[in-house]
Amino acid sequence: MNGLPNTIVKLMVKNHPGAMSHITGLFSRRGFNLEGILCAPVDGGAQSAMYLLVRNDERLEQIVKQLRKLYDVKSVVVQDDLDHTVFNRMERLLSEAEAAV
Amino acid sequence: MQFNGASLLIELLKRQGIGIVAGIPGGANLPLYDALGRSDLRHILVRHEQAGGFLAQGMARSTGNAAACFATSGPGAVNLLTAIADAKLDSVPMVAVTGQVSSGLIGTDAFQEVDTYGMSIPVTKHNFLVRTAAELVEVVPEAFRLALSGRQGPVLIDLPKDVQVARIDIDRMPAPGSADPAPDPDGAVLASMARMIAAAERPLLYVGGGVVASGAEEEVRALSVMCGIPVVCTLMGLGIMSPEDPLHLGMIGMHGSRATNFAVDRADLLIALGVRFDDRATGSVAGFAPRARVIHMDIDEAEIGKIRRPDISAVCDVKRALKRLNRLVARTAREQWLAEIDALRKEHPVPVPADEAHPWTLLNRLARFTPESSIVTVDVGQHQMWAAQAWPVRRTRRFLTSGGLGTMGFALPAAMGAALAHPHETVLVLTGDGSFLINIQELATIAENNLDIKICVFNNGHLGLVRQQQELFYGGRYVASRFDSRPDFAAIARGFGIPGCSIRIPHDEGILARALSTKGPVVLDIEVPETENVYPMVPPGKSNVEAISSNRGNA
């Protein structure tokens with residue numbers, strides 16, 4: 001992807017229409033890289049589980065701290081153990097998208 | 001109790017202790033104004049929404065309480081954003097309520113519709129788009145709780161018009177929102193900090209806006225005296241130490257005195273309290289306090305290690321932490337370090353301006369004719385830095401200025417808020433001819449409410465700090481920094497119904513004294529030298545010890 005090792009940040013987020021803007025807006029405003037997002041409703045739609053694929057570099061600590069300050073973000077966990085499989089499962093979809101470009 | 005959304009919002013604001021709201025009505029917040037008109041809430045009609053935001057800031061900054069302001073949808077909300085962003089960067093607690101087009105019209109490019117929610121995300125602590133009147137019972141206390149908790153800041157509530165008119169029956173009103181208790185630092189961490197302080201030979205306290213927000217100035221002074229630790233402050237930290245205190249070294253950074261910046265350079269321990277290592281304070285980060293270990297206390301976890309990695313840190317309320325830390329440290333004289341500081345001060349004295357018309361001299365005169373308890377609001381530019389260097393700031397919350405965002409136009413409307421919150425104090429505006437024009441329409445608001453504000457315009461016919469940088473760093477190529485049109489501010493003031501007078505060089509003390517001691521608003525258009533520069537100045541990208549003292553480099 002970019003030569004740098006990535007890691008996954010898992011968020012539990014209050015599910016409402018503006019929550020996604022708050023999170024993606026944080027990444028663009030602070031110049032953090034965001035390589036991929038997976039998001040799905042859980043808890044009967046009251047919350048969303050979000051998986052963010054980010055670079056595992058010296059800015060990760062600041063990313064986590066800034067995410068924790070967001071009102072809609074209920075928890076932030078860096079999941080080194082996830083091995084990106086959650087994103088790899090999307091490979092088939094992505095290759096279809098690739099073919100369509 | 002029967003309400004509509006608008007009257008419920010007004011009732012909830014009153015329960016938060018809000019007595020004054022600034023704003024401008026428009027199509028999408030008319031129900032709100034209808035409810036306001038039926039209440040005993042006082043409304044100040046400003047002439048630009050940005051000024052409403054700054055008025056609220058003036059109240060919040062001078063009292064420490066959260067303040068509120070109103071704007072309509074579309075242009076009203078967009079005009080307000082600058083003041084909200086300003087509050088974010090200086091951590092000022094305020095709640096902005098914007099009208100929005102009716103829910104059914106959202107997303108249709110309706111008249112005066114903008115995505116206020118989306119546009120305010122990056123400049124607020126948090127924002128709410130209210131979907132039902134019932135939500136207000138949660139949203140309003142929550143907005144105030146957020147504005148006041150932890151690192152304070154602005155919160156926006158966007159309120160569609162249909163929600164304002166929706167009927168609702170409320171059985172029980174919610175408790176007002178208030179600040180969450182701040183975390184206390186770990187006892188072992190405080191003990192380690194005390195040991196670091198005891199072991200340090202050249203410790204320095206570096207204090208800023210967080211100390212003001214926490215109300216910890218007494219504790220800072222106590223620690224400083226007890227352990228012989230000199231204090232440097234940021235622009236936001238002016239007033240924590242008395243200007244006469246021998247342990248107070250003044251403001252650090254881009255326009256800090258040379259002795260102060262050299263003291264930071266020599267320090268072996270920096271005790272950073274309620275500061276964020278802002279670039280205007282640190283200069284080149286690599287060259288900032290290069291010999292020092294760092295203790296960092298802040299209420300915002302994200303500030304710890306953001307710019308400079310501390311050796312030890314605590315996320316806490318500074319006041320409560322210092323109360324405990326002060327019991328753990330031993331009384332120390334530190335004569336050698338204080339002698340070294342004195343030697344630095346003798347080696348790099350603050351120059352006495354030769355020119356009678358120098359802004360420092362003018363500031364000293366103005367200070368002499370102004371009561372000590374006065375609130376001073378300061379705009380942005382050269383006059384701001386001269387005031388930060390020379391104005392005797394004796395208390396916190398008495399020197400209000402736009403530090404983080406550096407918003408020209410701040411001072412006049414902020415002064416209105418300060419005057420409304422402190423009707424028995426003198427309020428002085430220090431502004432420049434550039435900054436004054438940015439919110440000059442507020443003279444109408446000042447006249448209408450007969451606010452006792454003394455407006456001193458440092459008039460050099462330039463965007464002075466731009467001109468200065470073009471002189472020093474752009475080969476004297478002056479572009480768009482000189483005003484060819486020089487408005488007669490005294491005549492303009494009279495046009496608004498406010499006395500005005502022009503004061504030329506040499507400044508007549510009698511006129512200054514008379515104007516400042518006469519009750520009611522006044523505009524003093526005061527000529528200052530056109531090409532005077534603010535010194536010292538750290539060139540962009542350089543470290544603080546590389547400050548230049550004249551246009552020929554180091555004098």
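The second largest cavity of this predicted model holds about 30 Å³ of space. A cavity here is a set of points on a 1 Å grid, laid over the protein atoms alone, where a 1.4 Å probe fits but cannot get out; grid points are joined across faces, edges and corners, and a volume is the space filled by probe spheres set on the points. Its lining, meaning residues with an atom within 4 Å of a point, is made up of Asp433(B), Leu437(B), Asn459(B), Phe483(B), Ser485(B), Arg486(B), Pro487(B) and Phe489(B). By class that is four nonpolar, two polar and two charged residues, with Ala, Val, Leu, Ile, Met, Phe, Trp, Tyr, Cys and Pro taken as nonpolar, Asp, Glu, Lys and Arg as charged, and the others, Gly among them, as polar. Counting cavities of 30 Å³ or more gives two. The largest comes to about 50 Å³, and Asn261(B), Val264(B), Asp265(B), Gly287(B), Phe288(B), Ala289(B), Asn544(B) and Val545(B) sit around it; four of these are nonpolar, three polar and one charged.

At least two lining residues come from each of β11 (248-251), α11 (258-266), α15 (359-368) and α16 (382-390) of chain B; helices (H or I, at least four residues) and strands (E, at least two) are DSSP runs numbered from the N terminus.

Strand β11(B) also turns up in an open six-stranded sheet with parallel pairing, ordered β11-β10-β9-β12-β13-β14 in chain B; two strands pair if DSSP finds at least two bridges between them. β11 and β14 (312-315) of chain B are the edge strands with a single partner each, so one side of each has no neighbour in the sheet. On average, neighbouring strands are turned by 15 degrees against each other, direction ignored. Axes are lines fitted to C-alpha atoms, for helices over the stretch in contact, and angles run from 0 to 180 degrees between N-to-C directions. Four bridges join β13 (residues 293-298) of chain B to β14(B), and Ile295(B) has Ile312(B) as its bridge partner. Helix α8 (residues 187-199) of chain B lies across β12 (269-273), β13 and β14 of that chain, at about 140 degrees to β14(B), contact meaning heavy atoms within 4.5 Å.

Arg202(B) is in the loop between α8 and β9 (203-207) of chain B and Glu340(B) in helix α14 (residues 335-347) of chain B, so the pair ties together parts 138 residues apart in sequence.

Chain A has an open sheet of four strands, antiparallel, in the order β2-β3-β1-β4. Seven bridges link β2(A) with β3 (residues 47-55) of chain A, among them the one between Leu38(A) and Tyr51(A). Helix α1 (residues 19-29) of chain A packs on this sheet, touching β1 (6-14), β2, β3 and β4 of chain A, and makes about 15 degrees with β3(A).

Local features need pLDDT of at least 70 and side-chain atom pairs 80 or more, while totals for chains, interfaces and linings use all residues; side-chain values use heavy atoms, without hydrogens or water. Residues are numbered from 1 along each chain as its sequence is written, with chains lettered from A and ligands numbered from 1 in the order in which they are written.

Methods:
1 Å grid on protein atoms, 1.4 Å probe; cavity = no way out; pocket = protein on both sides within 12 Å on 5 of 7 lines; lining within 4 Å.
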